Structure formats: C-alpha cells, structure tokens
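Please keep the structure in view while going through them.

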Amino acid sequence: MLCQFSFQNFMSYREETTFDLQAAAIPEFKDSLITKEKCSALLPVSVIYGPNGGGKTNLIRALSCLITTVVKPIHDLGSTRSHIIVQQRTVAEPFLFDAVSSKEPTEFEIFFRTEKYEYRYYLAVWKDEISAEALDRKTIGGKKPAHIFYREGEEITLGNILNKENVNTRVNGRMPYLSFLAINYNIPVIVEAQEWFESCIIRNYGNPTAEMRIMISDDIKTKNQILLLLNEMGIDVEDYRFDEKEEKLYTVRTIEGEKYELSFDHESEGTKKLIAALPVILVALREGRLVIIDELDAKLHPKLLRYVISMFKNKKINQYGAQLLFTSHDMATMKNTIFRRDEIWFAALNERHSSQIYSLYEIRREDNERINSTAAFDKQYLEGRYGADPYLQGI
C-alpha cells in the first residue's frame with residue numbers, strides 16, 4: 001500500500017512535491033479507510049483535478065517513472081516474481097524553465113507498506129545515471145528504521161541485513177541497486193520491496209491504444225465477475241469470446257431469443273473503456289494492488305465512474321487494501337457523497353510556471369477555517385474558490 005510519494009525537478013514540477021495517502025483526522029467515510037494497528041489509516045482512493053497543463057498527468061508520470069525505473073531491468077532480464085501490468089516506461093526529465101534545474105538530478109522518495117513492514121525508497125536520477133539511492137525498512141509500529149543500503153554515485157554502503165549476504169556492490173551506473181539485487185539474489189527484504197513495485201498497475205486512458213489492451217481471462221470465476229459487473233453497470237453483455245485466428249474479441253448478447261456477436265471494435269467508446277479497465281481493476285481488488293490511471297473518466301459516464309470508485313471504498317469488495325489513484329476532469333463526481341476532503345487533490349501552475357499540488361482538506365477559507373465536509377465541492381471549485389481553475393476569468 002502506498003503511504004506517501006515525494007519528488008522534485010520532474011517535468012513541470014520544480015520544487016519538492018508531496019502526495020500523501022495517509023488519512024487526515026476527519027470524520028467522513030471512516031469505514032472506507034484501510035486500517036491496521038499501530039500505524040496511520042490509508043486512503044483507498046485519491047483523485048487529482050486541475051486544468052490542462054497544470055500538472056495532473058505529470059504527477060502520475062513521476063510515480064510511474066519511479067516504478068518503471070525499478071521494474072524495467074528486472075522485467076527485461078526475466079527476473080520478475082509478479083504479474084506486471086505496466087503500460088509503458090516513463091523517463092526522468094528535469095524542469096526546464098530555469099538555468100539550474102536541468103543540471104540537477106530528478107529525485108524521488110516513496111513510503112509504502114507491506115503486511116509487517118514500512119519501507120522508504122529514495123532514488124535520484126540525472127541523464128539516466130543513478131546519482132543516489134537508498135532503501136530503509138522498519139517494523140510497523142516501530143520507531144527506528146533499519147538501513148538496507150545507501151548509494152552515492154559509485155559507492156554503495158550496506159546495512160546489517162545485506163552485510164550478512166555477501167552481495168556484490170559493483171553495479172552499472174544506469175541500474176538501480178534495488179533492481180540489481182532483485183535480479184541476482186533471493187533476499188527476503190529485497191524480494192518484498194521488488195514485489196511491491198511489480199504489483200503497481202499503471203494505465204493511461206487518454207491514450208487510445210490503452211483501450212485495445214485487454215486482459216482476457218479464461219478463468220470462469222473471473223469471467224463471470226466481469227460480466228456481472230458489466231450488467232450491474234447497465235451494459236447488457238452475457239458473454240465474450242476471443243477468436244485466436246482473427247485475434248479479435250467478440251461480445252455476446254441475446255435479443256428476442258437469438259444470440260448475436262458484436263466485434264469489440266463496434267462497441268461504444270464507454271463499453272470498450274469498461275471492458276478494457278475492469279479486468280485490471282478486478283486484479284487490483286483481488287490482490288490488494290495500487291492502480292494508477294490517467295484520465296480514468298475519459299469516455300466513461302459519471303455513473304459508471306462512481307461505481308468504479310465505490311468498489312475501492314467498499315470494504316466488502318476491497319478486502320486486501322487495494323488503492324486507486326487517478327486524474328479526472330469530471331465535475332459530476334466531485335461530491336461530498338463520493339469523496340473525503342483529503343481524497344481530492346488539485347494540480348496547477350504557479351507564477352513561476354512550476355506545478356504544485358494541494359488537497360481540498362488543506363485549503364482554508366477567508367475566515368481561516370477548512371472547507372466544510374458538507375460543502376458543494378463541484379460548485380465551489382467552478383466558482384474558483386479552490387484555485388486550479390480550468391476556466392477563463394470573466395466568463
């Protein structure tokens with residue numbers, strides 16, 4: 001589970017930026033939180049709003065960049081331990097609107113949680129070279145983290161756990177040491193960190209090709225679950241089949257007692273989007289994975305988007321701590337009946353043309369009080385009260 005992600009000097013983000021999935025001490029939707037003894041509750045869902053060019057997608061890209069930088073070399077050398085569902089690799093590109101940042105590394109820091117431990121992983125990249133890297137771990141509820149390794153340039157310092165393993169400290173400058181260890185050794189602490197990164201699912205539904213990448217399952221239970229969800233969402237499909245010769249998916253409907261097959265290409269854009277997204281979402285819910293989706297709302301009816309969100313917020317469905325992080329332009333779902341205040345984030349450019357993010361919970365009114373949990377979030381956003389306003393002034 002993702003706890004917190006920080007980064008700086010990445011694309012439109014110049015300053016250190018922190019995205020936090022630790023729940024604030026507020027009363028709304030308490031039953032939906034991911035809870036565990038001796039540690040902070042986590043949010044099952046977070047959404048990022050804001051104008052085009054404000055930085056929504058670049059925040060998603062920053063997290064994707066860190067994940068794919070770790071996972072790609074492991075995948076390329078056939079050393080993965082989990083089923084990877086990553087759309088494409090994102091390259092670290094620095095902020096370019098000043099003379100200094102292009103000569104400085106892009107930095108990432110992530111905190112994530114497994115069953116027994118909390119991990120901190122830090123990575124600094126400049127021109128595809130790893131300039132610094134570190135991995136720490138502490139027991140959930142513990143105070144002092146154990147240093148697994150620290151890397152500064154070509155020099156790598158090992159903590160006590162790795163010192164006992166007699167591992168090699170010479171690694172290619174372009175490869176993360178975490179990836180190197182995962183490929184060459186079977187050390188439990190490294191395996192656990194590796195499997196968390198591999199479990200992350202990354203999708204961009206602003207990219208039309210994403211809708212054509214469908215995880216077809218022959219498992220009857222999974223297939224029935226997909227069909228059940230499609231019908232619950234109002235899409236009347238009783239079956240589907242994949243023709244291996246044609247390499248084409250067909251959906252099946254019965255109309256007045258007759259069965260008809262329709263090519264996936266001929267389905268509505270919203271139906272294609274759901275058929276592409278649902279298998280990924282079900283995998284996440286079944287295995288407790290993090291799902292990162294850019295433009296989840298694209299071509300999707302607000303009612304269907306609300307249904308997807310509700311699955312992650314329903315503990316009977318989301319039993320293993322799956323999390324959904326997505327960007328959206330859809331105002332119909334910016335409601336206090338759907339989101340907590342700390343689940344709604346905004347991305348916008350500041351006066352220096354650098355992106356910044358902040359949550360609705362962080363915003364203060366003119367009387368210095370927080371936005372009320374019963375406020376009309378969508379209405380106030382469109383009135384410009386929250387900033388990150390996509391609409392022209394004076395209209």
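This is a predicted model: local features need pLDDT of at least 70, side-chain atom pairs count only at pLDDT 80 or more; totals for chains, interfaces and linings use all residues.

1. In strand β3, Val45, Val47 and Tyr49 point one way, Ser46 and Ile48 point the other way, and all are buried. Buried means under 20% relative accessible area, exposed means over 50%, and partly exposed lies in between (1.4 Å probe, protein chains only). Helices (H or I, at least four residues) and strands (E, at least two) are DSSP runs, numbered from the N terminus.

2. Residues are numbered from 1 along each chain as its sequence is written, and side-chain values use heavy atoms, with hydrogens and water left out.

3. Which strands pair with β3? Strand β15 (residues 323-327) runs parallel to β3 and is joined to it by 4 bridges; here isoleucine 48 has threonine 327 as its bridge partner. Strand β16 (residues 344-349) also pairs with β3 in the parallel sense, over 3 bridges, and tyrosine 49 has phenylalanine 346 as its bridge partner in β16. Two strands pair if DSSP finds at least two bridges between them.

4. An open sheet of 7 strands has the order β2-β1-β5-β6-β7-β8-β9, with antiparallel pairing. Its edge strands, β2 (17-20) and β9 (155-158), each pair on one side only. On average, neighbouring strands of this sheet are turned by 10° against each other, direction ignored. Within the sheet, β6 and β7 pair in the antiparallel sense over 10 bridges, and tyrosine 121 has leucine 135 in β7 as its bridge partner.

5. Two helices lie across strands of this sheet. Helix α1 (residues 56-76) lies across β1 (2-8), β2, β5 (106-113) and β6, and runs at about 100° to β1. Helix α4 (residues 188-199) lies across β1, β5, β6, β7 and β8 (146-152), at about 105° to β5. Axes are lines fitted to C-alpha atoms, for helices over the stretch in contact, and angles run from 0 to 180 degrees between N-to-C directions. Contact means heavy atoms within 4.5 Å.

6. A further open sheet has 3 strands in the order β11-β12-β13, with antiparallel pairing. The edge strands here are β11 (239-243) and β13 (258-263), each pairing on one side only. The twist averages 30° from one strand to the next. Strand β12 (residues 248-255) pairs with β11 over 5 bridges in the antiparallel sense; the bridge partner of aspartate 243 is lysine 248 in β12.

7. How do helices α6 and α7 pack? Helix α6 (residues 269-287) and helix α7 (residues 302-313) pack at an angle of about 10°, with their axes 11 Å apart. They are therefore roughly parallel to each other, a term used for angles under 35 degrees. Leu274, Leu278, Ile281 and Leu285 in α6 meet Leu304, Val308, Met311 and Phe312 in α7. By class, this contact has 8 nonpolar, no polar and no charged residues. Ala, Val, Leu, Ile, Met, Phe, Trp, Tyr, Cys and Pro count as nonpolar, Asp, Glu, Lys and Arg as charged, and the others, Gly among them, as polar.

8. Helix α3 (residues 177-184) has 7 of its 8 residues buried, so it is largely enclosed by the rest of the structure. The buried residues in α3 are Tyr177, Leu178, Ser179, Phe180, Leu181, Ala182 and Ile183.

9. The structure holds 26 salt bridges, where a salt bridge is a side-chain nitrogen of Lys or Arg within 4 Å of a carboxyl oxygen of Asp or Glu. Glutamate 343 forms one with lysine 313, with the closest N and O atoms 2.6 Å apart. This pair links distant parts of the chain, 30 residues apart: glutamate 343 is in the loop between β15 and β16, and lysine 313 is in helix α7. Both glutamate 343 and lysine 313 are buried.

10. Aspartate 367 and arginine 365 also meet in a salt bridge (3.0 Å, N to O). Aspartate 367 is partly exposed, at 46% relative accessibility, and arginine 365 is partly exposed, at 36% relative accessible area. Finally, Arg14, Asp98 and Glu104 are linked in a network of salt bridges.

Definitions and conventions:
Angles under 35 degrees count as roughly parallel, over 145 as roughly antiparallel, 65 to 115 as roughly perpendicular and the rest as oblique.
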